[in-house]
Amino acid sequence: MISVRNLKKNFGSNKVLRGIDFTLKDGEKVIVLGPSGSGKSTFLRCINRIEEPTTGEIYLDDTLITDKNIEKIRQDIGMVFQHFNLINNLTVMKNLTLAPVILKLMSEEEAEKKAKGLLRHIGLLDKVDAFPASLSGGQKQRVAIIRAMMMEPKVLLFDEPTSALDPESIGDVLALIHELADEGMTIMIVTHEMNFAKEVGTRIVFIDEGKIIEEGTPIEFFEHPKTPRVKEFLKKVL
């Protein structure tokens, strides 16, 4: 579904991504792990083209997307951010319906019907006319997730979706992501939630200093790590 070839990203003289080759298959749930500053979030942001790669190629279904219309790419590759990125002066309903209506993916009536169904599903239908400032962190993140789902993407990217949440909210957000995974959504997620990685991931990818150092199934990665760097990392986080 997604193929990345020799992806590099520099910020001035700072080489954040140093040549990443990666393939994401339809239906996979890839967990991206690594220390802070290793390039995990930049990797996801390049796939969604929030950051433009310095060099390299990214393909979606055999189509080179690094020179394609950004709006079309973001219909197919949804992104959920660490800090929600909801529009504060719009209601929950408007946050959910704005993009699909502007891009003419559906009428306003169709978008509102779909939004209400998704809000009902996550238990937040009573927040349809609320503004983001009145929501808890966990509620904001669940709204952000279903906002991405409104576009009916082929792939969902999650950039540390629970790191800004209080402990009580984390479970609700992870449960929603778990549900999407169980329904067959293709997912990439940067996270520090190791138990979640073990339960949901079909493949673990470890990035350090801008390169993929090791990857494998959760059992291979957590129980039989191959490289000294991953062994050192796991000793600190488990």
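Guide: A salt bridge is a side-chain nitrogen of Lys or Arg within 4 Å of a carboxyl oxygen of Asp or Glu. Keep that in mind as we go through this predicted model.

Visitor: Which residues are linked in a network of salt bridges?

Guide: Asp 208, Arg 229, Glu 232 and Lys 236 are linked in such a network.

Visitor: How many salt bridges does the count come to?

Guide: By this rule, the count comes to 10.

Visitor: Let me try a pair. What is the distance between Lys 114 and Glu 152?

Guide: Their side chains meet in a salt bridge at 3.4 Å, N to O. Now look at where each partner sits. Lys 114 lies in helix H4 (residues 108-121), and Glu 152 lies in the loop between helix H5 (137-149) and strand E7 (155-159), so the pair ties together parts that are 38 residues apart in sequence.

Visitor: Are these two buried or exposed?

Guide: Lys 114 is partly exposed, with a relative accessible area of 26%. Glu 152 counts as exposed, at 55%.

Visitor: Which salt bridge does Arg 49 form?

Guide: Arg 49 forms a salt bridge with Glu 52, and the closest N and O atoms are 3.1 Å apart. Arg 49 is buried at 9% relative accessible area, whereas Glu 52 is partly exposed at 34%.

Visitor: Now helix H1. How many of its 8 residues are buried?

Guide: H1 is mostly covered, with 6 of its 8 residues buried. They are Lys 40, Thr 42, Phe 43, Leu 44, Cys 46 and Ile 47.

Visitor: A lysine is in that list. What is the nearest side chain of opposite charge to Lys 40?

Guide: That is Glu 160, 4.5 Å away. A salt bridge needs the nitrogen within 4 Å of the oxygen, so a distance of that kind is judged against this cut-off. Lys 40 is buried yet has no salt bridge.

Visitor: What does the side chain of Lys 40 reach?

Guide: The side chain of Lys 40 reaches the backbone oxygen of Pro 35 at 2.9 Å. Beyond its sequence neighbours up to four places away, Lys 40 touches residues including Leu 33, Glu 160, Val 190, His 192 and Ile 207.

Visitor: Next, the core. Which of the 48 residues in the largest nonpolar core touch the most other members?

Guide: Leu 33, Phe 158 and Ile 187 do. Helix H6 (residues 167-182) gives the largest share of this core, 7 residues. Another core, of 27 residues, lies apart from it, with Val 30, Cys 46, Leu 60 and Ile 73 among its members.

Visitor: What does Leu 33 touch?

Guide: Leaving out residues up to four places away in sequence, Leu 33 touches Lys 40, Met 194, Phe 206, Phe 221 and Phe 233, among others.

Visitor: Phe 233 leads me to helix H9. Which residues of H9 (residues 228-237) are buried?

Guide: The buried ones are Val 230, Phe 233 and Leu 234. They cover an arc of only 95° around the axis, which puts them on the same side of H9. On the other side, Pro 228, Lys 235 and Lys 236 are exposed.

Visitor: What covers the buried residues of H9?

Guide: The cover includes strand E3 (29-33), helix H7 (194-200), strand E9 (203-208), strand E10 (211-216) and helix H8 (218-223).

Visitor: Where is Met 151 found?

Guide: Met 151 is in the loop between H5 and E7. Met 151 is buried at 13% relative accessible area. Setting aside residues up to four places away, Met 151 touches Gln 75, Ala 99, Pro 100, Leu 103 and Leu 105.

Conventions. Residues numbered from 1 in each chain as written. Predicted model: local features only at pLDDT ≥ 70, side-chain atom pairs only at ≥ 80, totals over all residues. Heavy atoms only, no water. Buried < 20%, exposed > 50% of the residue type's maximum accessible area, 1.4 Å probe, protein only. Helix = DSSP H or I, 4+ residues; strand = E, 2+ residues; numbered from the N terminus. Arc of directions from axis to C-beta. Contact = heavy atoms within 4.5 Å. Core = buried A, V, L, I, M, F, W, Y, C linked by side-chain atoms within 4.5 Å. Lys, Arg positive; Asp, Glu negative; His and termini not counted. Polar contact = N/O pair within 3.5 Å; in protein donor to acceptor, adjacent residues only side chain to side chain.
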